[in-house]
Amino acid sequence: MSKFVGKRIKRTEDPRLIKGLAHYVDDIRLPDTLHVAFVRSMYAHARINGVDAGEALKAPGVVAVYTGKDVAQKIGPVPCAGALPDLRVPDYRVLATDKVLFVGHPIAAVVATDRYAARDAVDLVSVDYEELPAVIDVEEAAKGRDVIHEEFGDNIAYKLTSGEGDIEAAMKSSDHVVKQRMVHQRLAPIAMEPRGVLARYFPGEEELTIWSSTQIPHLLRTQLALMIGIPENKLRVITPEVGGGFGSKLNVYAEEALLGWISIQLGKPAKWIETRRENMQATIHGRGQVGYVEIGCRNDGTITGLRYNVFADLGAYHQLLTPAIPTLTGLMLSGAYKIPAIQMNVTGVFTNKMATDAYRGAGRPEATYVVERAIDLVAAELKMDPLEVRRKNFPAASEFPFHTATGLDYDSGDYEAALNKAIERSDYQKLRAEQKKARAEGKLVGIGVSSYVEICALGPSQAMPAGGWESATVRIEPTGKVTIMTGASPHGQGQETSFAQIAADELGVDINDVTVIHGDTSIVQYGIGTFGSRATAVGGTAVLIAIQRLIEKATKIAAHMMQVEAAKVKFHEGVFSVAAAAAAAGDSSTSTAPSRTSVSIQEVALAAHVAKEIPPDTEPGLSATYFFEPKNFTFPFGTHICVVEIDKDTGETKIVRYIAVDDCGKVINPMLVDGQVHGGIVQAIGQALYEEVVYDEQGQLVTGELMDYALPKASQLPWFELDRTETPSPVNPLGVKGVGEAGTIGATPAIVNAIVDALSQYGVKHIDMPARPEMIWRIIAGG
Amino acid sequence: MKQAININVNGVARTDEVEPRLLLVHYLREVLALTGTHVGCETSICGACTVMLDGQAVKSCTMFAVQANGGNITTIEGLATNGELHAVQEGFWEQHGLQCGYCTPGMIMAGAQLLDRNADPSREEIRHGLEGNLCRCTGYQHIVEAVEYAAKRAVTGKS
């Protein structure tokens, strides 16, 4: 039946991208554009006793310099949407006023006629700093010896306890309780396109257009309107091509508001393109948790309870979702298992660093890592095969919807089926036999497993800071071409194609006749955006239901055109038709014979616009809009198996095989799903083996460029062996669950479990990430 | 003090007066409006800015325009011939070698260079050949397959 859904369809967005003809923010060129460069703090923590822009203002090409004092009363604070009880929210001004709180904190904006002149003048702005002690280590920061925000008295942003079940009783009744400290290092999202903003104010119309590399055009419009003080209906946000986000562009940044405000002040377009150094310093980081896990179990491997006490390194200020991210960790601490009692105690801590926020997975990779490492710790304690501990604690497929002690209801799943498929694909028993042989030869080979569950399709509005629905408008133009406007804001996920697949099947049109428009607040109805593996499950469903409504209306018009009752009209593959018998009977209300027995949807679209041949009670035009509100999240899952070999001489880890069996519900385009899984796994490999944002004791950012921050390269990676199981989600009529974050969430513990397994002969039970060769070499050398 | 440069870009001879410190990538993007070449890191690590200079892949973010004086440059916009995609461009489309597309022009140039030097590379050789280009979306596997596809098409195209 379906010609497109479920098929490997090449992307419709690709031609412009492979020809170099796409437009990212910096590719948009407007006449008389001014360029902005920022003076940023070189200290992690300092008082500003003065900012002197005198020399900079004299420099060639410089038009203006704005400091914190100039804008403090003009532009509202950078917003935080996380609402937690007793949350302390510092006043986050777009430019620092009296203190700087992290390296890269913007102090002044220099505006010049070209980007070289602006950059030159940055060096001429003199800042009088008085250095203060930097608060860097999260556990030390929590003690509050040196305080970042004096008004709070300490560095605690919030404390929160979550979970269900009697954790104390659960631990007491356990045969074993295993404890482990775990570090989730800070990571940098590193979208290959850094952030960028172009703002253009039209003084006559009093309208401001902001092009920004963002994942959330509409939410950004609302927030910027409030910050700048411009009516929301006079502000247009456009996201042109966006070169990756991974959560880092799911935010509202100081620079976005400043550029809009500067364009209003100067009456000219203003552009700022983030340098990679700025991106490392002042675009959000991810992860940053130091936690203590306790897991209780019985002798037979049954898990009785899990407690996670964690310090979350929030950085100096809250960005949009900073305090909320660790709460997602708390939600996912049941993993793929039946755990009767779970408790998370989180302490959100201010440090003199850039804010942490949503980075691919956003709090869930931390949870999966905690649970999947803890399961392996239990296996080691009980000398059981890690697979057996997992099997023992899975809920059965018949137990769904499955309620967890973290307060969630998992929608659907068959965890054992995914595990079995991964065992089969990897030939697990053979792997173990080979490992035994390799060990006998003196090689360090390890096998790691991770059975993950993730929470996706964010989500019901009740559980979201700013609405969890998504919108779609579907319109058939007079010429029969189909236009879809989605509130989702894809930036690499390929929804121009996958949404067109849904529409082409439902409407029975050629996929090339469908255009998907997104990311322009003046064209597209309000939307939420693309993040949290939500766009297809929530936004795709909105497209589907909008189409169904459109077809209802088109059916009425088609019936009128064929002069039959609407109930007798069938719609199939783009054609409305009436069965021959019904046609012969004619329309009982008019008793006239129908002139035709079928009309195409394109003919109906033309008729709907010409409006001479439509029922009297029907609106002209042919479009439908639907805002889909999901009733629950979705819960994709899977099992990953990783085989590593460690070089004894160098301590270097090589991933020899990687098998991933993922279940993301129904699949719209298997090629795009594979791409999401590959990319996700590689970001997990980055965390496990290579990446870490490092601040030194003074709060200097040591990993300030891609020369120092190690992104995975093509030559460092194995060939991924992917497979799937398909358990439809009952939460949406497409049955899809989401896949954008699966790899990043599922893979990290599989890799670390494999490394720990390889090093088990040295008594290693746990290592912290990234598993740098030096650390491993020291273990081997010391052992 | 501006300096005159003569450069052939995508088959078009250009003479321009540029500041000696103007980076090649900014010359291409801002003077010639060839915005398909991207800047990703400014330190020659990511390869988003890769173009061909006299047949060699170079990173245009760490080279001055004046250093390319007298040279022949091919950018992503000039890779297709008579509207027909280069085999590597086609491979990227066929094999889903791109997601957000930002690294893609540089990745395609590096892939084309790789096949110029080795028409029938192994997967390992492809991975090694792309070491100077970073992609954060794809995990590289589909990029490797894209280059393999291009290598095969080039062979069948010649026969």
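In the hairpin formed by β1(B) and β2(B), 2 residues sit between the strands, and B:N10 takes a positive phi near 50°. Strand β1 (residues 3–9) and strand β2 (residues 12–18) of chain B pair in the antiparallel sense over 7 bridges, with B:I5 standing opposite B:D16 in β2(B). Strands here (E, at least two residues) and helices (H or I, at least four) are DSSP runs numbered from the N terminus, and two strands pair if DSSP finds at least two bridges between them.

A word on conventions: residues are numbered from 1 along each chain as its sequence is written, while chains are lettered from A and ligands numbered from 1 in the order in which they are written. This is a predicted model, with local features needing pLDDT of at least 70 and side-chain atom pairs counting only at pLDDT 80 or more, whereas totals for chains, interfaces and linings use all residues.

Staying with chain B, the domain assignment gives domain 1 (3–78) and domain 2 (87–158); domain bounds come from an automatic or database domain assignment. The centres of these two domains of chain B, taken over C-alpha atoms, are separated by 22 Å. Their contact takes 14 residues from domain 1 of chain B and 11 residues from domain 2 of chain B, where a contact means that C-beta atoms, placed from the backbone, lie within 7 Å. On the domain 1 side, strand β3 (residues 50–53) of chain B gives the most, with 3 residues. That side has 8 nonpolar, 6 polar and no charged residues (Ala, Val, Leu, Ile, Met, Phe, Trp, Tyr, Cys and Pro count as nonpolar, Asp, Glu, Lys and Arg as charged, and the others, Gly among them, as polar).

Chain A meets chain B through 42 residues of chain A and 44 residues of chain B. By class, the chain A side comes out at 20 nonpolar, 11 polar and 11 charged residues.

As for chain A itself, there are 21 helices and 28 strands. Its C-alpha atoms fill a box of roughly 95 × 75 × 50 Å along the principal axes. The radius of gyration of chain A is 28 Å, which agrees with the value near 28 Å for a compact globule of 783 residues; the radius is taken over C-alpha atoms, and the globule rule is 2.2 Å times the number of residues to the power 0.38. Buried residues make up 59% of chain A, a residue being buried if 20 or more other C-beta atoms lie within 10 Å of its own, exposed if 12 or fewer, and partly exposed in between, with C-beta atoms placed from the backbone. Of the contacts in chain A with a separation of 6 or more, 81% link residues 24 or more positions apart.

Chain A is divided into domain 1 (24–133 + 197–273), domain 2 (394–399 + 411–455 + 634–783) and domain 3 (469–628). The C-alpha centres of domain 2 and domain 3 of chain A lie 43 Å apart, and each of these domains of chain A gives 13 residues to the contact. The domain 2 side has 6 nonpolar, 5 polar and 2 charged residues.

The largest nonpolar core holds 316 residues, and those touching the most other members are A:V36, A:A108, A:V110, A:A503, A:V543, A:V604 and A:I751. Such a core is a set of buried Ala, Val, Leu, Ile, Met, Phe, Trp, Tyr and Cys residues joined through C-beta atoms within 7 Å. Not counting residues up to four places away in sequence, A:V110 touches residues including A:V36, A:V62 and A:V125.

Strand β18 (residues 444–453) of chain A has 10 of its 10 residues buried, so it is largely enclosed by the rest of the structure. 10 bridges join β18(A) to the antiparallel strand β26 (residues 637–646) of chain A, and A:V449 stands opposite A:I641 in β26(A). By contrast, A:K179, in strand β8 (residues 176–187) of chain A, is exposed, with 11 other C-beta atoms within 10 Å. Beyond its neighbours within four places in sequence, A:K179 is in contact with A:Y292, A:V293 and A:E294.

Technical notes
Contact = placed C-beta atoms within 7 Å.
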